[in-house]
Amino acid sequence: MYTTTGRVGASQTGADGNMKLVSALDAVQDCSNLWMESEPGFVQFLTEHHAGMFVLFRQADLLRLPQYGEWFHVATSIYRCAGYSGYRNTVLYGADGAPCVQSWSLGAFVSYESGRLLKLPPKESGRIVLDPKVDMQYLERHITLPDIPYRTLPEQPVRRGDIDFNGHVNNVRYVETALELLPKARAVARLRIEYKSSAKLGDVLCPTLGEMEHQAYLTLSDRNGSLYAVMELSDHKNTSSA
């Protein structure tokens, strides 16, 4: 397990005085990436094979968001790692020690040179420290879009600030785009996002949005219809349903 500590600052706070969802997800993702410091052997393997870890899916359940000035810490751990993929939990805890955001994600090992999946040898995966799964509801990693009306929303050009050190749009920036496009009145208590391909600088995100009583479904694709990401955003009344 790897942990980071922080305090909610003004740049992370929304108009309601609470930590913004995207700021919480940034903290979750940062801790997940910094986890590499705890596994130098794994980092060496990736470096030698010119490979990296890429997120394919994330589910995040929001219990509450910390307030401005509140101390928080984030803990991330791997609970399964074999073959081409790894599974992790990352939880953001408030000052009272209770979880605020619980998440699990699936990542794949990918060669930078070929773009293909890289299989982690048992010798390497056996070295990675595994921890028990966090007690939360685990939903299906594939998001099935329901047969409902979808409307096309304005195109969103990829901005320079959306790009991270991997050379493509940072995972949380897709969520940030989605939240800006959602009707303001919609609450989000659970987020599921399936990543299909990586958008880069110069690309354009073409959104579609379909809404039900307790869920909204948002897709981001290129102008030819190839998907970058698919999201399901659920309100507080739906967090206990599978």
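This is a predicted model: local features need pLDDT of at least 70, side-chain atom pairs count only at pLDDT 80 or more; totals for chains, interfaces and linings use all residues.

**Salt bridges**

I searched the whole structure and got 13 salt bridges (a side-chain nitrogen of Lys or Arg within 4 Å of a carboxyl oxygen of Asp or Glu). Residues are numbered from 1 along each chain as its sequence is written, and side-chain values use heavy atoms, with hydrogens and water left out.

I looked at arginine 151 and glutamate 211, whose side chains form a salt bridge at 3.2 Å, N to O. Arginine 151 sits in strand S6 (residues 151-152) and glutamate 211 in strand S9 (residues 204-211), so this pair ties together parts 60 residues apart in sequence. I noted that strands (E, at least two residues) and helices (H or I, at least four) are DSSP runs, numbered from the N terminus.

Next I checked glutamate 194, which has a salt bridge to lysine 196, with the closest N and O atoms 3.1 Å apart. Buried or exposed, I wondered about glutamate 194? Glutamate 194 is buried, at 4% relative accessibility, while lysine 196 is partly exposed at 44%. My cut-offs: buried is under 20% relative accessible area, exposed is over 50%, and partly exposed is in between (1.4 Å probe, protein chains only).

I also found a network of salt bridges linking Asp26, Arg159, Asp162, Arg173 and Glu176.

**Cysteines**

How many disulfides are there? I counted zero, taking a disulfide as a pair of cysteine sulfur atoms within 2.5 Å. For cysteine 81, the nearest cysteine sulfur belongs to cysteine 31, and that is 17 Å away. Cysteine 81 is buried, with a relative accessible area of 12%. Cysteine 100 is in no disulfide either, as the nearest cysteine sulfur, again on cysteine 31, is 14 Å off. I have cysteine 100 down as buried too, at 0%.

**Nonpolar core**

Of its 51 residues, Leu92, Tyr174 and Met231 touch the most other members. Helix H1 (residues 21-34) gives the largest share, seven residues. Leaving aside neighbours within four places in sequence, I listed contacts (heavy atoms within 4.5 Å) of leucine 92, among them Met19, Ala24, Phe72 and Cys100.

Conventions:
A nonpolar core is a set of buried Ala, Val, Leu, Ile, Met, Phe, Trp, Tyr and Cys residues joined through side-chain atoms within 4.5 Å.
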